[in-house]
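Have the sequence and the 3D view open as you read.

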Amino acid sequence: MQLDGSTVLCIGGSSGMGRGVAEVALASGAQVIVTSRSAETAQQAAEELRCTGEQVDISDDASVKALFERTGKITHMMITAGAVGRSGFLDTPPDEAPAFMDGKLWATNRCIWYARSVLDPRGSITLITGGYAQWATPDAGHVHIVFAATEALARAAAVSLAPIRCNVIRPGFVDSALWDFLEAEEREALRTREQAQTLTGSLVSPQDIGMVAVSLMTASAMTGVVVPVDGGRHLKPSS
Ligand SMILES: NC(=O)c1ccc[n+]([C@@H]2O[C@H](COP(=O)([O-])OP(=O)(O)OC[C@H]3O[C@@H](n4cnc5c(N)ncnc54)[C@H](OP(=O)(O)O)[C@@H]3O)[C@@H](O)[C@H]2O)c1
């Protein structure tokens with residue numbers, strides 16, 4: 001199989017897109033490690049998926065350093081973890097703005113920094129952003145800034161860690177635990193709205209993300225690229 005002999009670390013693999021990547025990587029023959037901020041959640045996800053679970057909080061430097069001391073060598077790393085938070089540009093005082101970068105951009109940067117010594121030179125890193133990387137709207141200014149900067153980080157990593165490759169998946173709406181804060185009715189309305197915004201007429205699933213992630217892991221000529229996986233949503237204006 002495509003990933004026979006590979007170890008795939010899915011940081012954020014306990015849930016949502018990271019879990020979808022873990023499932024497809026396992027089905028492709030990889031040994032997989034999934035993570036959560038909670039040791040119990042990581043263990044539970046690992047038991048369900050039949051892989052290994054590890055605890056890490058990517059906002060904590062010591063935690064990330066310790067993770068890579070435990071994992072040993074890895075072939076591919078997928079990072080879906082990291083909070084972004086939505087806030088209007090004008091509603092966010094300047095001293096609160098760095099927290100948006102810390103939760104996603106610098107946390108991702110930290111993972112790459114510590115992973116570099118255990119990553120296989122023929123391996124890869126895949127990051128996640130979102131449609132707001134291309135759309136700046138007044139009510140989500142910092143999401144745009146953080147996602148755009150995370151795509152720049154991938155390019156910086158690609159040139160700095162070569163021959164290790166680094167790519168980005170820019171997903172559309174995925175109905176994951178990220179949206180658990182919504183009331184059922186609101187969530188259904190969001191699903192309907194997002195589905196209507198695709199060209200394919202279907203929502204993107206965590207497994208859709210997993211299939212593209214595994215393709216990027218195995219496509220040895222792909223580095224420094226951003227791949228929209230959104231059912232064609234990127235061809236429509238933001239709403
Ligand atoms: N879902 C969407 O519609 C969508 C669309 C565009 C972009 N995105 C972006 O894609 C990423 C993943 O989204 P998702 O839908 O897969 O979310 P999810 O289902 O909530 O999964 C997030 C995963 O990241 C882990 N995590 C969160 N913060 C962490 C931290 N500080 N340290 C370590 N692990 C952490 C979570 O683990 P625990 O909670 O168990 O600790 C969980 O495994 C997010 O950055 C999100 O902004 C999502």
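Helix H3 (residues 61-71) and helix H4 (residues 98-115) pack at an angle of about 35°, and their axes are 9 Å apart. Two packed helices are described by the angle between their axes and the distance between the axes. The axes here are lines fitted to C-alpha atoms, for helices over the stretch in contact, and angles run from 0 to 180 degrees between N-to-C directions. Helices (H or I, at least four residues) and strands (E, at least two) are DSSP runs, numbered from the N terminus. Please keep in mind that this is a predicted model: local features need pLDDT of at least 70, side-chain atom pairs count only at pLDDT 80 or more, and totals for chains, interfaces and linings use all residues. Residues are numbered from 1 along each chain as its sequence is written.

The crossing of H3 past H4 is right-handed. A crossing is right-handed if the near helix is turned clockwise from the far one by less than a right angle, and left-handed if anticlockwise. On the H3 side, the contact is made by Asp 61, Val 64, Lys 65 and Phe 68, and H4 brings Arg 110, Cys 111, Tyr 114 and Ala 115. Two residues are in contact if their C-beta atoms, placed from the backbone, lie within 7 Å. Sorted by class, this contact has 5 nonpolar, no polar and 3 charged residues. Ala, Val, Leu, Ile, Met, Phe, Trp, Tyr, Cys and Pro count as nonpolar, Asp, Glu, Lys and Arg as charged, and the others, Gly among them, as polar.

Now look at one residue from each helix. Val 64 lies in H3 and is buried, with 20 other C-beta atoms within 10 Å. A residue is buried if 20 or more other C-beta atoms lie within 10 Å of its own, exposed if 12 or fewer, and partly exposed in between, with C-beta atoms placed from the backbone. Leaving aside neighbours within four places in sequence, Val 64 is in contact with Val 56, Ile 58, Arg 110, Cys 111 and Tyr 114. Leu 105 is found in H4 and also counts as buried, with 22 C-beta neighbours inside 10 Å.

| Pair | Apart in sequence | C-alpha to C-alpha |
|---|---|---|
| Val 64 and Ala 107 | 43 residues | 9.1 Å |
| Leu 105 and Leu 67 | 38 residues | 19 Å |

Two strands pair if DSSP finds at least two bridges between them.

Strand S1 (residues 7-11) pairs with strand S2 (residues 31-36) in the parallel sense over 4 bridges. Thr 7 has Gln 31 of S2 as its bridge partner, and Leu 9 stands opposite Ile 33. Is S1 enclosed or open? Of its 5 residues, 5 are buried, so S1 is largely enclosed by the rest of the structure. In a regular strand the side chains alternate between the two faces of the sheet. In S1, Thr 7, Leu 9 and Ile 11 point one way, Val 8 and Cys 10 point the other way, and all are buried.S4 and S5 pair in the parallel sense over 5 bridges, and in S5 the bridge partner of Met 77 is Ile 125. Strand S5 (residues 119-128) is mostly covered, with 7 of its 10 residues buried.

Next comes the ligand. Of the 28 residues around the ligand, Gly 12, Gly 16, Arg 37, Gly 130 and Ser 176 come nearest. A residue is near a molecule if its C-beta atom, placed from the backbone, lies within 6 Å of it. By class, this shell has 12 nonpolar, 13 polar and 3 charged residues. Helix H1 (residues 16-27) gives the most to the shell, with 3 residues.

Two loops are worth a visit too. A cis peptide bond, with omega about 15°, joins Ala 162 and Pro 163. Pro 163 lies in the loop between helix H5 (141-161) and strand S6 (165-171). Arg 50 is found in the loop between helix H2 (39-49) and strand S3 (52-55). Phi of Arg 50 is near 65°, a positive value in a residue other than glycine. Arg 50 is exposed, with 8 other C-beta atoms within 10 Å.
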